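Work through the exercises below with the sequence and the structure open beside you. Try each task before reading its solution.

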Number of protein chains: 2
Amino acid sequence: MNIETISEQRCFGGVQGFYWHDSRETGGAMKFGVFRPPLAQNAKAPVLYYLAGLTCTEETFVIKAGAQRLAAELGLILVTPDTSPRDTGIEGATGDWEFGEAAGFYLDATTPVFAKRFRMYSYVTKELPAVIGANFASADMHRESIFGHSMGGHGALTIALKNPQRYKSVSAFAPIVAPSEVPWGRKALLRYLGDDRSTWKPYDACALIRNGARFPSTILVDQGLADKFLESQLQPERFDRVCRDAGQALTLRLHAGYDHSYYFIGTLIADHLRHHADALRS
Amino acid sequence: MNIETISEQRCFGGVQGFYWHDSRETGGAMKFGVFRPPLAQNAKAPVLYYLAGLTCTEETFVIKAGAQRLAAELGLILVTPDTSPRDTGIEGATGDWEFGEAAGFYLDATTPVFAKRFRMYSYVTKELPAVIGANFASADMHRESIFGHSMGGHGALTIALKNPQRYKSVSAFAPIVAPSEVPWGRKALLRYLGDDRSTWKPYDACALIRNGARFPSTILVDQGLADKFLESQLQPERFDRVCRDAGQALTLRLHAGYDHSYYFIGTLIADHLRHHADALRS
């Protein structure tokens with residue numbers, strides 16, 4: 001549970017830090033970011049996890065989203081894990097931006113090649129929270145929420161749907177809502193989980209809801225309509241349909257002109273932080 | 001005056017674009033960023049130039065400062081030039097992060113090796129504004145202000161002090177206020193301008209004020225006290241002293257715990273944007 005500090009910098013009256021630790025789940029060093037708001041100097045603050053997308057690291061959201069301003073004001077601790085284990089030395093785990101390192105898909109792999117290191121589901125839901133609780137006295141581990149972008153939106157939705165009592169709220173920017181049905185997801189799930197598609201369902205937000213999973217509060221999803229991955233990889237209408245059919249409360253907002261980038265995320269970050277702060281306050 | 005579009009992305013209801021053009025002043029392709037706020041779709045908006053520091057590009061501030069949110073609200077066009085000519089092929093212009101490419105120091109070089117390409121003063125004050133005026137119909141070229149960080153803070157201060165009627169306001173984050181007196185500046189000024197130190201004075205904010213230059217409204221400067229360059233390169237007390245002696249209005253704010261990074265800039269960006277918006281409105 002020991003962590004090493006990479007850097008700590010003052011930011012909006014709080015502290016933006018980067019740290020690393022030896023991860024049991026992923027079998028190597030894992031980096032992560034933590035933003036502590038000013039009030040965390042004297043009081044407990046809730047924890048909001050952000051899961052990033054393909055090609056990203058623990059730094060991407062921290063640098064690009066402009067989230068610290070409002071997180072400072074709302075009193076939220078932001079935790080940003082990396083997107084996969086690194087330096088795995090596994091053949092096939094590098095060289096393809098859609099798969100392997102920086103593309104962990106927030107699942108526990110079962111295929112022999114990847115099962116030992118690619119355990120981002122257990123890392124994000126178990127090991128990382130334990131590390132945060134043990135090392136950041138201000139983190140209130142009874143108040144946690146989760147959100148993410150693209151592959152990380154998939155991660156946030158599936159993790160929240162599988163742990164509906166654990167997280168107080170969930171939201172996503174341009175999530176992969178049906179990985180079983182789109183190229184990014186099919187490639188990753190096949191190689192991480194094998195060709196028995198029944199094992200893919202716990203890692204597919206649409207399939208989870210169809211199979212009975214529910215989240216107790218409204219799910220917030222934002223999607224840009226100029227997103228080049230909209231039709232091929234994202235298909236938010238699938239999620240809208242299964243939520244309607246299942247009676248799952250969903251706010252799906254479509255934004256003309258916005259793409260898949262952090263300019264889109266930055267534009268809407270305040271709404272997401274308020275969504276989570278409202279849930280975490282109660 | 002033709003420009004080519006590299007990218008345009010929707011951001012806070014406006015457009016963040018990157019462009020390039022063939023620069024007469026610097027003898028090569030120059031990239032720059034322009035953020036247009038939503039109101040620029042139907043009306044003229046004032047132009048605020050941001051000059052970045054050593055090692056930075058036209059992208060750094062755009063990605064890291066979180067400025068578009070309030071610029072959108074205040075109706076400011078943000079223009080972000082690169083920090084020097086690029087791909088100059090000049091021996092000695094690469095390989096040292098403190099000098100040459102990405103370290104143009106916003107001056108017009110006079111030494112034979114650098115005089116032809118390193119003309120960032122004329123580029124920022126003449127060519128780039130002409131390019132903006134010719135290509136962005138919404139840019140109100142009668143309302144311009146300027147700010148910057150570190151080397152770019154030096155650029156903003158010296159450019160504004162030499163053109164006090166041109167710019168409505170000026171501000172800086174952690175500027176190099178006395179380049180003639182500190183290692184970064186001495187190295188750069190010697191190689192760009194030669195060893196006659198009288199030629200350095202027009203590119204030294206403290207020397208400019210000592211020699212009679214004044215800016216007609218209050219100059220805003222923010223400085224972090226955990227900035228590792230504070231004592232060696234920045235020395236804001238020098239600027240404070242010459243402004244006091246000269247009766248130049250200056251608001252110098254010192255911030256405990258903040259360093260030289262964009263976490264510092266992001267924390268204070270709103271104050272700077274409001275400083276400029278107030279001046280540009282009148």
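The exercises go from the model as a whole to single residues.

This is a predicted model, in which local features need pLDDT of at least 70, side-chain atom pairs count only at pLDDT 80 or more, and totals for chains, interfaces and linings use all residues. Residues are numbered from 1 along each chain as its sequence is written, chains are lettered from A and ligands numbered from 1 in the order in which they are written, and side-chain values use heavy atoms, with hydrogens and water left out.

**Exercise 1. State the confidence scores of the model.**

Step 1. pLDDT is the predictor's confidence in each residue, from 0 to 100. Chain A averages a pLDDT of 97, and 100% of its residues score at least 70.
Step 2. For the model, ipTM is 0.93 and pTM is 0.96.

**Exercise 2. Describe the interface of chain A and chain B.**

Step 1. Count contacts, meaning heavy atoms within 4.5 Å. On this count, 21 residues of chain B are in contact with 21 residues of chain A.
Step 2. Take the buried area, which is the accessible area (1.4 Å probe) that two parts lose on being put together, summed over both. The two chains bury about 1700 Å² between them, and 54% of this is on carbon and sulfur atoms.
Step 3. Find the main contributors in chain B. B:Gln9, B:Arg10 and B:Tyr263 lose the most area to chain A, together 38% of what that side buries.
Step 4. Look at one residue across the interface. A:Gln68 touches B:Tyr263 as well as A:Cys11, A:Phe12, A:Gln16, A:Phe35 and A:Val62, not counting residues up to four places away in sequence.

**Exercise 3. Characterise helix α9 of chain A.**

Step 1. Helices (H or I, at least four residues) and strands (E, at least two) are DSSP runs, numbered from the N terminus. Helix α9 of chain A covers residues 262-281, which is 20 residues.
Step 2. Compare its span with the expected one, 1.5 Å times one less than the number of residues. From first C-alpha to last, α9(A) reaches 27 Å, close to the 28 Å expected.
Step 3. Look for a bend, the angle between axes fitted to the seven residues ending at a residue and the seven starting there. There is a kink of about 50° in α9(A), centred on A:Leu268.
Step 4. Inspect the N-terminal end. A:Ser261 caps α9(A), with a side-chain oxygen 3.1 Å from the backbone nitrogen of A:Tyr263.
Step 5. Judge the cover, where buried means under 20% relative accessible area, exposed over 50%, and partly exposed in between (1.4 Å probe, protein chains only). In α9(A), 15 of the 20 residues are buried.

**Exercise 4. Are B:His276 and B:Glu4 buried or partly exposed?**

Step 1. B:His276 is found in helix α9 of chain B. Its relative accessible area is 0%, so B:His276 is buried.
Step 2. Leaving aside neighbours within four places in sequence, the contacts of B:His276 include B:Leu48, B:Phe147 and B:Val170.
Step 3. B:Glu4 belongs to strand β1 (residues 4-11) of chain B. At 45% relative accessible area, B:Glu4 is partly exposed.
Step 4. B:Glu4 and B:Trp20 are 16 residues apart along the chain, and their C-alpha atoms are separated by 5.3 Å.

**Exercise 5. What is the phi of A:Tyr106?**

Step 1. A:Tyr106 is in the loop between β5 (77-81) and α3 (120-135) of chain A.
Step 2. Although A:Tyr106 is not a glycine, its phi is positive, about 55°.
Step 3. A:Tyr106 is buried, at 0% relative accessibility.

Methods
Polar contact = N/O pair within 3.5 Å; in protein donor to acceptor, adjacent residues only side chain to side chain.
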